[in-house]
Amino acid sequence: TTKRTQQLGQTTCPYCGVGCGVDVIRQQDGRNASLKSVAGTPEHPANFGRLCIKGTNLLQTNGAENRLLSPSVAGKNVSWDTATGLVAEKIKDVIAKHGPEAVAFYVSGQLLTEDYYVANKLMKGYIGSANIDTNSRLCMSSAVAAYKRAFGEDLVPCSYNDLEHTDLLVLVGSNAAWTHPVLFQRMERAKLRNPDLNVVLIDPRATDSSTLADLHLPLKPGTDAALFNGLLHFLVTQGHTDNTFIADSTNGFEAAVENASVWSTAAVANYCDLPEASVIQFYTMFAKKTTAITFFSMGINQSTTGVDKGNAIINCHLASGKIGKPGSGPFSITGQPNAMGGREVGGLANMLAAHMDIDNAEHRKNVQTFWQSPVMAERQGLKAVDMFERMAAGDIKFVWIMATNPVVSMPNRPQIEAALEKCETVVVSDIVANTDTLAFADIVLPATGWSEKDGTVTNSERRISRQRGLLPAPGEARHDWQIICDVAGKMGFADSFSYAHVSEIFDEHTRLTTYKNHGERALNLCGLSGMTVSEYDRLSPTQWPVADATCQGTERLFSDGKFFTADRRANFIAIQPAAPAQLTCEAFPFVLNSGRLRDQWHTMTRTGKAAKLFRHTAQATLAMHPDDAEKLSLKEGDLAALSAASSGGMTTILPVTLETRQRKGEVFAPIHWSKAWGSHCQIGALFNGANDEISGQPELKHAAVAIQPA
Ligand code: SF4
């Protein structure tokens with residue numbers, strides 16, 4: 001008889017930035033290991049035992065089917081030695097012929113912090129270019145830039161715990177009920193417990209999050225900066241500013257107020273297409289409540305003015321002193337499980353590791369000295385949209401895409417396809433065998449995924465948690481960090497990329513956070529340095545900064561009124577609201593908004609495996625106001641064809657659902673489906689790649705489209 005044993009493993013859900021802890025029962029039958037069940041980790045501070053439907057169905061999304069199991073070159077299976085040797089040779093060859101900036105990595109918020117760390121180290125310190133960017137560019141890069149402008153560093157001030165201490169929750173550009181469900185449940189509980197808690201939803205659509213809202217502001221898409229400029233003006237003119245805090249802890253107040261001064265409640269109501277009484281009601285709530293949290297997400301960030309919108313929100317918290325105190329602060333919530341961890345190790349083209357600044361020569365020297373690396377990127381690299389544009393132009397000759405599917409997720413599919421066709425060598429590391437991007441790969445590398453790989457992730461509240469390897473790698477799949485280190489070794493850098501265990505990478509990351517900058521920057525992981533392998537394995541969820549070994553983590557930033565700018569004061573930013581780039585016209589008269597559904601994740605490469613996750617929404621549909629549908633002679637379920645000026649003739653076909661919750665003239669469609677799912681729907685292709693000139697984050701909430709019966 002085969003001996004069967006069961007064991008509890010603790011890990012973190014990979015499907016959103018809430019970062020829920022997951023208890024997994026692992027079963028061993030002789031030589032075979034499998035996962036038997038999942039449940040929320042009762043003591044994990046992000047979820048206290050709760051999981052949403054994606055988390056509950058983790059095992060159904062984690063099946064063995066459709067996995068990449070062997071490295072291959074031009075469709076033929078090869079050994080790892082051959083594959084990584086060829087990748088190294090191609091990179092060296094391109095550097096020799098065209099220089100380091102002809103090489104690019106396009107990585108992912110799915111990577112663990114340790115994977116991200118070595119990818120960034122290889123690119124910036126050994127290849128010598130900063131052309132490493134990530135799909136997190138599409139998720140939260142505008143929030144990063146807004147925080148940097150206001151606070152001097154990319155810092156999320158709040159914790160989920162603040163929900164239990166606030167009297168006002170403002171949700172702007174976020175359908176948390178669907179996209180961050182466990183966090184939304186916590187908001188619901190907070191409201192049940194606190195009768196004084198008001199919730200305001202600011203979103204063009206009356207999403208499921210509106211069930212919690214005392215007030216919904218269905219503003220005209222793209223007008224958020226004017227709404228918050230108006231709030232700043234209201235706070236000033238109605239005497240609700242915290243003048244001591246402004247005087248002691250900030251710069252730039254007068255200029256921001258001057259820019260906001262034209263935004264009377266009447267002007268805001270007119271510009272944002274809202275009833276003036278609703279605008280006044282929101283402003284009065286914010287002004288009179290002693291605490292307020294403003295949660296913001298993709299509706300703010302995915303915009304050509306996403307950074308300004310973020311700063312317009314932050315300005316209001318600074319002006320009212322609603323920051324650095326329990327229950328108060330601006331709070332960006334990230335879509336991906338490790339968008340934050342990637343930021344911490346510099347996995348963006350405009351950042352260095354450990355929140356150091358790539359435009360600062362001293363920081364570049366510090367990082368190079370710490371790494372003892374032969375070179376160092378001298379300037380910012382190409383952000384995602386620019387990276388693919390330059391690839392299409394023939395300037396990028398080699399790209400390595402890790403754990404992401406840009407052909408579907410990036411805007412302007414024709415351009416992405418042209419870029420990958422043009423690029424001499426396309427390497428794709430992934431876990432699944434059926435992404436649209438794989439069709440363009442010359443070299444395919446099978447990676448390990450959730451439940452197989454070991455490392456850390458950081459959630460939206462700066463909490464570092466462990467993802468733990470509970471199952472062996474399938475086939476010949478390898479961990480991303482190992483693949484990257486093997487390639488680095490074959491390029492001649494084995495001494496700097498020889499890690500016996502993933503914990504050594506984490507340790508190096510923690511040491512870099514305090515190397516020559518101790519006390520100056522908030523990202524300080526000193527207290528997590530020097531862990532043994534077993535201490536790393538037992539690491540409990542911890543919010544950074546962790547300044548020393550006695551520190552249990554930091555719940556809230558800026559409690560002392562000190563920020564991380566040169567003079568330790570926060571910056572107000574004077575905001576001039578601007579319209580979206582992709583405006584409607586006679587030929588393309590509808591505004592297209594895109595987003596996620598409750599039960600699907602990204603391009604469905606994993607959630608598409610679970611039949612249960614199609615019960616809530618079986619197929620992609622186009623949500624449209626009944627009056628618009630009638631004008632187009634469309635009824636519920638009829639097929640509609642969408643096209644945009646930029647879609648290169650590509651048409652997306654979707655069945656119509658009639659929704660009175662949609663504003664007239666505006667439609668909504670989900671981002672998840674693509675050709676790989678046998679669908680004629682590919683929403684990303686209808687956006688033209690217009691992006692914020694500071695953050696580079698593409699506008700994915702506002703395209704101009706034509707619609708007709710299909
Ligand atoms: Fe996973 Fe997010 Fe759901 Fe939590 S809320 S179970 S992290 S998808």
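At roughly what angle do the axes of helix α3 and helix α19 cross? Keep in mind as you look that this is a predicted model. Find α3 at residues 113-127 and α19 at residues 480-493: their axes come within 8 Å and cross at roughly 25 degrees. Angles under 35 degrees count as roughly parallel, so α3 runs roughly parallel to α19. The crossing of this pair is left-handed.

Now look at who does the touching. On the α3 side you'll find Glu114, Asp115, Val118, Ala119, Leu122 and Tyr126. Facing them from α19 are Asp480, Trp481, Ile484, Cys485, Ala488, Met491 and Phe493. Sorted by class, the contact of α3 with α19 has 10 nonpolar residues and three charged ones, with no polar residues.

The crossing of α7 and α9 is left-handed.

Time to zoom out to the domains. Domain 1 is pieced together from 141-237, 246-333 and 567-571, while domain 2 covers 590-709. Taken over C-alpha atoms, the centres of the two are 27 Å apart. Where they touch, domain 1 puts in 22 residues and domain 2 puts in 23. On the domain 1 side, α4 (141-151), α5 (176-179), α12 (298-301) and α13 (306-320) each bring at least two residues to the contact. The largest share comes from α4, with four residues. By class, the side of domain 1 that touches domain 2 has nine nonpolar residues, 12 polar and one charged.

Which residues sit closest to it? Of the 14 residues that surround the ligand, the closest are Cys13, Cys16, Cys20, Cys52 and Gly55. Two helices, α1 (53-56) and α6 (181-193), each supply at least two residues of this shell. Its make-up is nine nonpolar, four polar and one charged.

How values were computed: Residues are numbered from 1 along each chain as its sequence is written. This is a predicted model: local features need pLDDT of at least 70, side-chain atom pairs count only at pLDDT 80 or more; totals for chains, interfaces and linings use all residues. Domain bounds come from an automatic or database domain assignment. Two residues are in contact if their C-beta atoms, placed from the backbone, lie within 7 Å. Ala, Val, Leu, Ile, Met, Phe, Trp, Tyr, Cys and Pro count as nonpolar, Asp, Glu, Lys and Arg as charged, and the others, Gly among them, as polar. A residue is near a molecule or strand if its C-beta atom, placed from the backbone, lies within 6 Å of it. Axes are lines fitted to C-alpha atoms, for helices over the stretch in contact, and angles run from 0 to 180 degrees between N-to-C directions. Angles under 35 degrees count as roughly parallel, over 145 as roughly antiparallel, 65 to 115 as roughly perpendicular and the rest as oblique. A crossing is left-handed if the near helix is turned anticlockwise from the far one by less than a right angle, and right-handed if clockwise.
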